[in-house]
Amino acid sequence: MSAPATGVRPRSAPPGRTLLRLGPLRVPVRRRPVLVAVALTGLLVAAGVLSLSLGTPYVAPPDVLRVLSGAGTPYDLVVLDLRLPRLVLAAVAGAAFGVAGTLIQSVARNPLASPDVIGITQGAGLAATIALTGGAAAVLVAPAALLGGLAAAALVLALGARHGLAAQRFVLAGVAVAFALRALIEVVLMTVDPIDGMRAQIWLVGTLAGKGWTEAAWIAVTLLVLLPVLLWAGWALNSTALDDDTARGIGVRPVARRIGLAGTGVLAAAMVTAQVGAVDFVSLVAPQLARRLVRAERPPLLCSALLGALLLVLADLAGRRLLAPTQLPAGVLTAAIGGPYLIFLLLRGRRRPS
């Protein structure tokens, strides 16, 4: 005997989504982003264990796990004091780069828009170069770089916001500011003592050597402070692809929203650049790779952060071990990844029909 009809059909999830139950609510969640985030988290953990293992002396992965569990081993000093701070710094810095790149690319609606393309990195680099070559105390270099990056971003936003922060104008303003600031950096480097210039060049390339808990704490605190805004941004990014008339028709203030999203990305980018230097291309590559993995129209925020962390952890590990005992700056390795990827984006754009 069949069950009587109730007139209420069971609610099913749309294709590719799972219904997440939150009390009486059922929220559809896309499965693929969740699976990609879980996979990236697993790869990040594996890369972290590998980074803590490789080096002189070599520490076997089981010993690394015992050290992290607090069991007490002869390798505590090597793992906890020498390698773990740098690993944590690479992870939080890469995550911040991924977040910054996602926000700026989504606002600009351009896969080439990133802090190192639109002038933020160059502004931080010019301020840091002036501080390093002008005899300023080492403790003042990071604050100077932060202020320089924010000042460059303010200039770009002022130039790009004259017509509602239009995507094309925003990117063109950023590229123009980046070229101008890069020229000023070269002028400063040509007029200073060669030793001071070399110190500035190392900072401009971007390196994690000699850095650790302090720099990681500054970046982590910035991300925690921005966390409520980032939670809002994860939802607000859905409207960035809409034209202004459509956005206003659904009750969205597009210009204010773009400025808020761009400002959040700028602050994250300026802070992380001030702490680790101009590590290029992570914020360019991570969002677009994450978008392709998730198969979404815009870069996903969480997956971009995880992929940025993974890229920088692997780049720092490769920089430490490829030419050991000589250490390559992490920025050299990320540039080796980002350069060919940038060429790929340009060639792919040329193949698209106009």
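Helices here are DSSP runs of H or I with at least four residues, numbered from the N terminus. Before I go on: this is a predicted model, where local features need pLDDT of at least 70, side-chain atom pairs count only at pLDDT 80 or more, and totals for chains, interfaces and linings use all residues. Residues are numbered from 1 along each chain as its sequence is written, and side-chain values use heavy atoms, with hydrogens and water left out.

Back to the pair. H3 covers residues 76–108 and H12 covers residues 301–321; their axes come within 6 Å and cross at roughly 135°. An axis is a line fitted to C-alpha atoms, for helices over the stretch in contact, and angles run from 0 to 180 degrees between N-to-C directions. H3 and H12 are therefore oblique to each other. On this scale, angles under 35 degrees count as roughly parallel, over 145 as roughly antiparallel, 65 to 115 as roughly perpendicular, and the rest as oblique.

Which residues meet? On the H3 side they include Ala90, Gly94, Gly98 and Thr102, and on the H12 side they include Ser304, Gly308, Leu312 and Arg320. Contact means heavy atoms within 4.5 Å. The residues of this contact divide into 13 nonpolar, five polar and three charged. Ala, Val, Leu, Ile, Met, Phe, Trp, Tyr, Cys and Pro count as nonpolar, Asp, Glu, Lys and Arg as charged, and the others, Gly among them, as polar.

Next pair. Helix H1, residues 31–53, packs with helix H2, residues 61–68, at an angle of about 100°, with the axes 9 Å apart. H1 and H2 are therefore roughly perpendicular to each other. From H1 the contact takes Val49, Leu52 and Ser53, and from H2 it takes Pro61, Val64, Leu65 and Leu68. By class that gives six nonpolar, one polar and no charged residues.

On a 1 Å grid over the protein atoms alone, a cavity is a set of points where a 1.4 Å probe fits but cannot get out; a pocket is an open set with protein on both sides within 12 Å along at least five of seven lines; lining residues have an atom within 4 Å of a point. Points are joined across faces, edges and corners, and a volume is the space filled by probe spheres set on them.

The second largest pocket has a volume of about 430 Å³. It is lined by 17 residues, and the closest to its centre are Ala138, Val141, Ala142, Trp203 and Ala274. H5, H7, H8 and H10 each supply at least two lining residues, and the largest share, four residues, comes from H5.

There are three cavities of 30 Å³ or more.

Which helix gives the most to its lining? H5 does, with three residues. By class, this lining has eight nonpolar, no polar and no charged residues.
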